[in-house]
Amino acid sequence: MSIEDLVSENKEIDKQKQQMLELWNRLEIEEKENVINIIKTILSHNK
């Protein structure tokens with residue numbers, strides 16, 4: 001893997017994180033709790 005590949009991957013990850021943060025900030029508290037529970041459920045099924 002080249003440095004260029006790593007940099008390009010990091011940019012994509014940063015874009016995803018930014019998008020998630022922007023969406024997260026638009027949620028109400030109860031909605032955020034629901035999202036957290038959904039993520040936990042998904043992760044528990046991946047074990």
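A surface patch of like charge joins residues with over 30% relative accessible area and no salt bridge, the charges lying within 9 Å. In this predicted model, Glu-28, Glu-30, Glu-31 and Glu-33 form a negative patch of this kind.

**Overall architecture**

The protein contains two helices and zero strands. Helix α1 covers residues 3-25, and helix α2 covers residues 29-45. Along the principal axes, the C-alpha trace extends over about 40 × 30 × 5 Å. Of the 47 residues in the protein, 0% are buried.

**Charge**

The side chains comprise 7 positive and 10 negative ones, and the centres of these two sets are 3 Å apart.

**Two glutamates in the helices**

One member of the negative patch, Glu-33, is located in helix α2. Glu-22, by contrast, is located in helix α1. Their relative accessible areas are tabulated below.

| Residue | Helix | Relative accessible area |
|---|---|---|
| Glu-33 | α2 (residues 29-45) | 46% |
| Glu-22 | α1 (residues 3-25) | 44% |

Glu-22 and Asn-34 lie 12 residues apart along the chain, and a distance of 17 Å separates their C-alpha atoms.

Key: Residues numbered from 1 in each chain as written. Predicted model: local features only at pLDDT ≥ 70, side-chain atom pairs only at ≥ 80, totals over all residues. Heavy atoms only, no water. Helix = DSSP H or I, 4+ residues; strand = E, 2+ residues; numbered from the N terminus. Buried < 20%, exposed > 50% of the residue type's maximum accessible area, 1.4 Å probe, protein only. Lys, Arg positive; Asp, Glu negative; His and termini not counted. Charge placed at Lys NZ, Arg CZ, Asp CG, Glu CD. Patch = residues over 30% accessible without salt bridge, like charges linked within 9 Å, V, L, I, M, F, W, Y side chains within 5 Å. Areas by Shrake-Rupley, 256 points an atom, 1.4 Å probe, with all protein chains shown as cover. Salt bridge = Lys/Arg side-chain N within 4 Å of Asp/Glu carboxyl O.
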